[in-house]
Every structure is written in C-alpha cells, then in structure tokens.
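This report sets out the local geometry and packing of a single chain. Please read it alongside the sequence and the coordinates.

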Amino acid sequence: MTDKRNRKSSIQTGRLVATPGVLGAIPKPELLAAFRRHMGSDWGDVCEADWKQNDWALKNGERLLSSYKSKNGVKFWIITEWDRSYTTILLPSEY
C-alpha cells in the first residue's frame with residue numbers, strides 16, 4: 001500500500017459545505033485539518049480497498065470519500081462530488 005501520510009497532490013474540491021450536525025459536533029479547526037488532508041489525497045480511516053478506489057476515482061473523475069474521527073471520537077466524512085463542484089463535510093448519519 002502507498003504511504004498515506006506523505007502525499008503532496010492537491011485535488012479540486014469545488015464549493016465547500018458542511019452540515020449542521022457536523023458543525024455542531026466537531027470543532028472547526030479539526031474540520032479544516034481534515035479537509036486539508038482530503039485535499040492532499042489522504043483519505044483518512046478508510047479500508048485499503050476504499051483507499052485504492054479513491055486513488056482510481058481521483059484519476060478518473062469519480063466521487064471521493066474520506067473518513068476521519070475527531071479528537072472526541074466522532075466519525076465524519078468528507079465527500080467530493082465526481083464533477084468537483086462541491087465538497088461536503090457531514091456525519092455518516094446525515095448521508
């Protein structure tokens with residue numbers, strides 16, 4: 001597997017939006033740190049198959065999904081749409 005933490009690429013993310021649930025559950029600095037990781041192709045806490053799918057999707061113009069946990073243990077996702085028009089930060093329960 002590739003080294004997840006040393007990537008330098010930056011993806012196009014379009015307009016950034018966040019749901020009320022994630023804004024209420026996770027401090028904004030943590031959300032922004034995760035967003036920077038997502039932009040750098042660090043997909044967070046996804047399995048190896050999903051990591052490879054995201055790498056493929058990045059090259060082929062498909063949807064990207066990253067998963068992270070806040071310092072207090074709350075899981076959240078970052079999804080960039082296939083056309084790179086929007087990136088949404090949300091709780092899995094809000095999907």
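## Strand pairing

L64 stands opposite T80 in strand 3, where strands (E, at least two residues) and helices (H or I, at least four) are DSSP runs numbered from the N terminus. The model is a predicted one, in which local features need pLDDT of at least 70 and side-chain atom pairs count only at pLDDT 80 or more, whereas totals for chains, interfaces and linings use all residues. Residues are numbered from 1 along each chain as its sequence is written, and side-chain values use heavy atoms, with hydrogens and water left out.

Strand 2 (residues 64-69) runs antiparallel to strand 3, and six bridges join the two; strands are taken to pair if DSSP finds at least two bridges between them. Strand 3 also pairs in the antiparallel sense with strand 4 (residues 86-90), here over four bridges. In strand 4, T87 is the bridge partner of T80.

| Hairpin | Residues between the strands | Turn residue with positive phi |
|---|---|---|
| Strand 2 and strand 3 | five residues | G73, about 90° |
| Strand 3 and strand 4 | five residues | R84, about 65° |

Strand 3 (residues 75-80) is mostly covered, with five of its six residues buried. Buried denotes under 20% relative accessible area, exposed over 50%, and partly exposed the range in between (1.4 Å probe, protein chains only).

## Helix 3

Helix 3 (residues 48-60) comprises 13 residues and reaches 18 Å from its first C-alpha to its last, close to the 18 Å expected at 1.5 Å a residue. That expected span is 1.5 Å times one less than the number of residues. Its buried residues include W51, N54, D55 and A57. These four lie on the same side of helix 3, because they cover an arc of only 165° around the axis, the arc being that of the directions from the helix axis to the C-beta atoms. On the other side of helix 3, A49, K52 and K59 are exposed. The buried residues of helix 3 pack against strand 2, contact meaning heavy atoms within 4.5 Å. Just after helix 3, G61 adopts a positive phi of about 70°.

## Aromatic pairs

Rings of Phe, Tyr and Trp (its six-membered ring) pair if their centres lie within 6.5 Å; planes under 30 degrees apart count as stacked, over 60 as edge-to-face and the rest as tilted. By this rule there are three aromatic pairs. One of them is the tilted pair of Y68 and F76, at 5.8 Å centre to centre with 40° between the planes. Y68 is buried at a relative accessible area of 2%, and F76 is likewise buried at 2%. W77 and Y95 form an edge-to-face pair, 5.7 Å centre to centre and with 70° between the planes. W77 belongs to strand 3 and Y95 to the segment after strand 4, so this pair ties together parts that are 18 residues apart in sequence. W77 is buried at 18% relative accessibility, whereas Y95, at 63%, is exposed.

## Nonpolar cores

A nonpolar core is a set of buried Ala, Val, Leu, Ile, Met, Phe, Trp, Tyr and Cys residues joined through side-chain atoms within 4.5 Å. The largest has ten residues, among them V22, I26, Y68, F76 and I89. Helix 2 (28-39) and strand 3 each supply at least two residues of this core, and helix 2 gives the largest share, three residues. Apart from this core lies another, of six residues, including I11, V46, A57 and L64.
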